[in-house]
Structures are given as C-alpha cells and as structure tokens.
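Subject: Structure for you to look at

Dear colleague,

My notes on it come after it.

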Amino acid sequence: MWAFIHKLGSPKWFYGISARLSPWCWGVAVALILVGGVWGLAFAPADYQQGHSFRIIYVHVPAAFLAQSIFVAMAAAGFIFMVWKIKLADMAATVMAPLGAGMTFVALFSGAVWGVPTWGTWWQWDARLTSMLILFFLYIGVIALRGAFTSRDSASRAASVLAMVGVINIPIIKYSVEWWYTLHQPATFSVTSRPAMPTEMWAPLLIMVLGFYSFFIAVTLMRTRSEILRREASKRWVRELLGEGG
Amino acid sequence: MSLRLQARKLACERDDRWLFHDLDLDLCAGEIVRVEGPNGSGKTTLLKILSGQLADYRGELFWRGAPMRRVRRDFLANLLYLGHAPGVKAALTALENLAWYQALAGASGDEDDRLAALETVGLAGFEDLPTGQLSAGQQRRVALARLELMPRPLWVLDEPFTAIDREGVAALEARLEAHTRRGGCVLVTTHHALRASSALRSVRLGEGGAGVER
Amino acid sequence: MSSAESGPARRDGPLPLAGEPEGGAMVAIRATLKRDLVLMLRRRSEVLNPLVFFALVITLFPIGISPDPELLATIAPGLLWVAALLAALLSLDGLFRSDYEDGSLEQLLLSPQPLAALALAKVAVHWLLTGLPLALMAPVLGIMLSLPAGSYGVLAVSLALGSASLSLIGAIGAALTVGLSRGGVLISLLVLPLYIPVLIFGAGAVQAAILGAGVSAHLAILGALLAVALIFAPWAIAASLRISING
Amino acid sequence: MAFDSLSAFLAMGGHGPYVWAAYGATVALLLGVTLHARAERRQVLRDLRRRLRRERRQAESAPVSPDERHARES
C-alpha cells in the first residue's frame, strides 16, 4: 500500500501512466458532454413551469457540482502534500485552482442568466447562488495567496493550509447561508431543488455531470503533466524523454 | 548522555535549487563550528534546519542519538538560537524582554539574574528603558544577554557580531570559548574572523554542492 | 528545571543538559499574554484605532443613506455587525507582523512549549483589546442608529461571542500573510469569506431580538462556531506561522 | 425531439437568449480551458527543448559535468 502511494507520488511514474490515461479521459469527456448536451438541449422535455429556460440546468448543475468537488479535491491534494510531502499532489492542486474558479464563474453566470426568465432579475440572493459566490471568493483567495509568495515551496504550503481551512468552512458556510435564506425569503421557489424529475430530464443531467467530471480529470492530467515538466526540468528522466522525442 | 547533534546526508532543495546536499555534520560538546560560504550558499538555511525551524530537508538529524522528530521538544529545551533579527521588542524594556524569554523556556526566572546578565553585556543602567530607545548595538546586546541568562548547552548563532563594537566582539568571543570549556557547543556563521582556537572547526558550504569539512 | 535555570550565578560549573520540559507551558502562556497586553497598552492608539474606525463607519451610513430613524432601525443590526467585523479585520494585520519583523516570532517558534497554545494566547489578547471593546461600544452606536430597545444586550453579547471566532479565523489569515510585504489587502480577501457564517448568526441574533423571537438558538450557534474555531484554528495558525517564517 | 423546427429550437420558446448565453459561456470555458492546456503543454515542451539544445551547445564548447551545470543553472 505504502509502496503504491509513493510510486503514485513519483512524477516520472505519473507522467508515464497519465500519458496512457489521458486520451481515454478526453474521449469519454467529449462523448458524454456531446451526448448530454444534445439530449438536454434538443430532446429532453420542457419544464411545465419554466419552459425551455429549464435547459440551463444541464450546464448550471454540472458546473456547480464540479466547482465544489474541485475545491474538495484541491484541499485533499493539499493535505496529501502537507502530510506525506508528495510534490505531485501540490502540482495537481496548483492546476486545479483556476479550473475550479472558472467552473464557479460559469455556475454563477448560468445561474444569473437563468434568473431572468425565472425571477425576472439578473441577480437574486438565492442560497445556492450566494454560496457559489462565496466559493468563488475562496478560490480567488487561494489563487492570490499562491501568487503572493516568491518562494514556491512556501506558496504551496500556504495554499494547502488555506484550502484545508476553506474546505472545513464550506459546509458551515453552505448551511448558514441556506438558513439565512429561508429566514429572509421563506416562500421563494428554488430553481433546482424540485421533487421527482422524470427520467428523460435527469438522465441527460447525469450524463452531463459525468462528462464534466471526466473533463476535469482530463484537464487536470494534462496540465499536471505540463507542471511536472516545468518543475522537474533539470531531472535526468525529463531530459532523456525529450532527447528521445527530438 | 552528552550533547551531540548529528546530521546525516543532509540536503536542502529550495525551489529546485540544491543549496547543499550530502552534508554530514557532527556537533559535540566543547566545539565551536563555524559555517562558511559565499552569500546565498545556504548558511542561514542550514542553521534554521539545525535549529529545528525548517522541516523541509532530506536526510536525518539526530539529537543525542535519537531522531530529531521524536525528541524535538527536548532538543528545543537545550537550544538557544539567535537569528538575523535580534528578537527584541522595541516597546518593552530590556528586563521585560529577558523575562519573556525565560518564561518561554518554562521558568519564571529571577530579577537578580536578569540584572546580572544585563550588566555582563554592558547594559547596566539601561535595564528599564524601552529597548526602542537603545542603539542597534545595544539592542543586539540585549539579545546576547540571553546567552548569559539561560544555560542552554547548544548555541546556534546567525551573525552574532553584527552591529557590535570592538570590545563587545572580544567579550563575545571570550564568551563563546568559555561556553565550550564548560561543555557547551556553538554553531555560528559570521563574516568576522574568529580567533583560532583548538575548539574551532569550519564547515564550508560550496555553491550548490556538498559541504566540505575542514 | 528550576535548578538548571539558575543563571549566571553558576557560570563556571559544567553545563547541565535540560530534560524534557515539564509544566512550563502555563508559565510561557501567561508570560505571552502579559507581554502582548503590555505591548498593546503601551501603543494605545493601536487599541483605539479600530474603535474610532467603527464609530466613523457607522457615522457614514446615515449620511450616505438617510437619517430616517425607521430605515436606520431596520438596517442597524447588519450595519453594526459589518462595521465591527471590518474594524476587527483592520487590526488583524498587526497581530504577528511586528513580532515577525523584530525576530521574536522565530523565537516563539523555537520555544519548547506548544506553539498552538502560545498563538492562542496572542489571539486572546487581540480579542480582549479589539473584539471586546467593539462589543462594548456597539450599543452606543446602536442608539445613534435608533436600534429598537431590547436588542442592545443581545448586540453586545453576540458581538463579544462572534468577534472571538473572528479573531481566531482572522489570525489564520494573518499568520499566512505575515511574511508577505503586501499582506494587508490579501488578508481581507482570505478571511472575509470565512467570516460569513459568524456574520449571519451574529446579525441574526440581533434581528431575532428585535422581532421578539428567542435568541438563544443564535447565541448557541455562535458558541458552537467559536468551539469549532477554538479546536481547529490554533493548529492552522501554528502551521501557517511555520510556513511564513521560512517565506 | 422537443422541437418542431430549427427556428423553434433556436428560439427556445422565447427563452433563447438566456439558454444560449448560458450554454455559450459554458462552451467558451470548456474550449478555453482545453486550448489553454494544449498551448501550455506545447510552450513547456518548446522551452525545455530549446534549453536542452542550448546546454548541449555549451557542453560541446566547455566540457563541464552535467550535474554541476544543472545545479548551477536551475
């Protein structure tokens, strides 16, 4: 088990294995997103209340899911880096942060756009949107903190600590914001929390969510590979690899 | 069990640059070990590692034969570290500063001891002034008074001679030698030429290479 | 330990090696508390500045919005809480910075006592001289915002309780940025999102008091938040200080 | 199929601008991230190869052991 973890933590080994995994992830991501997108846009039935604006759910919810998952993944990578000093985990955490911030932004944007036909306003202090907005600030904080240090080692550690502190806080923030929202807007209807959804509606949603997760894995693999090359530029295996490749 | 700090195959990489690697070092009772090397060769980093501040190194550290990670508190109870900054609070008086340092070690301390220590470093009459009103050299002396006050066997001193006048330098050198005679040990970096003595040893840090003992 | 620490009197004898330190932690914590209190009281303006800031910000709102007492009364709980939160934030940057600059922070890290406990002592002083005075001052400003009667006590209690959590969470941010020269703005970016739960329940408690609803649930949650912060924050602060000292 | 014609599909029952804006932003992000990741990878590889070539040239002109050089340069 330990040997496996340390092997997994070796950039060289990871570089090799991820090269084989990467095309599959991209293939799965593209296929799922295409299928889910077309299904959701053209074939899923319209909502009886919201009509076709309901189709925004197929990008809003996957983006929101991913935004939260990426933060948790980033904190987990930070934890692994701090406890076992596996630098690979930090490289992954480095590349995850901007993607997470981007996903949060898309979730916010699609949520805001969805608000116009639903609530008649571009911004509603809805519980979900508000916690998304806070999550966005948390991402910005992690990215800014990492950028503020001149020493990369210190930057990595500081960003890891902040990500871990943030991940402890996310559920607290989420619940307190929900509580706050119900207190102030008791009867407003929330766009995504609805009772039973028919299969034709949630099946494309599930496909989209899975597609987004594959996309996340594919991008993280690819960018981590670049980050490995950048950080391990003076290692022999990188040189041999490049020497062979021309 | 006597004082002994060992480093085995010590290496430190900061941001992809090897400051030093394969460094073996033995510090024993009765020694002054001087770390030499050009600017940026990692002298301060080495001192920070050997004083247990920086955990980001490869290799092993042993304190009295046991791995450092396990005996860290015992090690710290025997260590006195003076860094680049004197660690003296400008708004506190010299006495208050020393009292805090004694308390950090876990002892309430004694006012007479503190007064005596300040007198030894030539600060008699300045005990009750906020140290912000003292000169840089005098502030440094307040920090050096800790050497008198706290009987820690292992001293790790980063540029202790900074801002000290000539008599002060001579007194400090004599103090270091007296410390080694009592079975203490000193690890020091300095640009100042130390008086040759049988206790003195040098470790040279090269440029990105291994340390060489001389 | 006491015989080993007898100092210059025994300067010629052989040096004893100290054993594992015992029972010194309380001495160190008490001394750190006292030292920070003395330091803050000698620079009284640093204690007063957040309070003046608090009063100033509260003055701006009636001028900027409207002097209408009814309108002010509805927004007063939130305003008071937000302004107090910002005032507490303002003083956070100095929590570790002066110690970092004069080198006493590295000495604190090299103490054989648990760093988390020593950091907690410093945070306690920060709360005592920032959070608590802000809480005591808030009712006075509440009068100026025509805060409805019956909520003044809750305002002070919720602020006192909440600002302790704010100091603890904020100290993590202060510890992370202490090694950075332009840490002042960054710290608010890191810390403010984490303050939101405390703000929600703190302002909520005052609002509940105005509406005549029970406030014990709010105060209990504020207490729970404080408990969580007390458990996690000291370790995070200690870890962050260790990172920053090697920045 | 939930739509009768292409124009109905594009109109989205009157909600066209909102639906297409949300999807457009998402596609822009996904594509942008992908293209950026590819460009980044190429850039890194190009920089590394260039550096390797330069070091080879230097090695030919001045024989220094490679380890020393890496240590000094990186």
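Below is what was found, taken chain by chain and then across the chains.

Please keep in mind throughout that this is a predicted model.

I begin with chain C, whose secondary structure comes to nine helices and zero strands. The C-alpha trace of chain C spans about 80 × 35 × 30 Å along its principal axes, and of its 247 residues 52% are buried. If one takes the contacts in chain C with a separation of 6 or more, 79% of them are between residues 24 or more positions apart.

Chain C also supplies the two residues with the most contacts inside the largest nonpolar core, namely C:Leu80 and C:Ala84, in a core that has 225 residues. The largest share of this core comes from helix α4 (residues 87-119) of chain A, which gives 18 residues. Chain B takes part as well: domain 1 (1-78 + 153-214) and domain 2 (89-151) of chain B both give residues to this core, and it therefore lies between them. As for C:Leu80, when residues up to four places away in sequence are left out, it touches C:Ile58, C:Ala138, C:Leu141, C:Gly142, C:Leu145 and C:Leu155.

Where do chains B and C meet? In this model, 44 residues of chain B are in contact with 36 residues of chain C. On the side of chain B that touches chain C, the elements giving two or more residues are α2 (72-77), β6 (79-82), α3, α4 and α5 of chain B, and α3(B) gives the most, with five residues. The residues on that side of chain B divide into 24 nonpolar, 13 polar and seven charged.

Just after α4(B), B:Gly122 takes a positive phi of about 80°.

With best wishes

How values were computed. Residues numbered from 1 in each chain as written. Chains lettered and ligands numbered in written order. Predicted model: local features only at pLDDT ≥ 70, side-chain atom pairs only at ≥ 80, totals over all residues. Core = buried A, V, L, I, M, F, W, Y, C linked by C-beta atoms within 7 Å. Buried ≥ 20, exposed ≤ 12 C-beta atoms within 10 Å, placed from the backbone. Helix = DSSP H or I, 4+ residues; strand = E, 2+ residues; numbered from the N terminus. Domains from an automatic or database assignment. Contact = placed C-beta atoms within 7 Å. Nonpolar A, V, L, I, M, F, W, Y, C, P; charged D, E, K, R; others polar.
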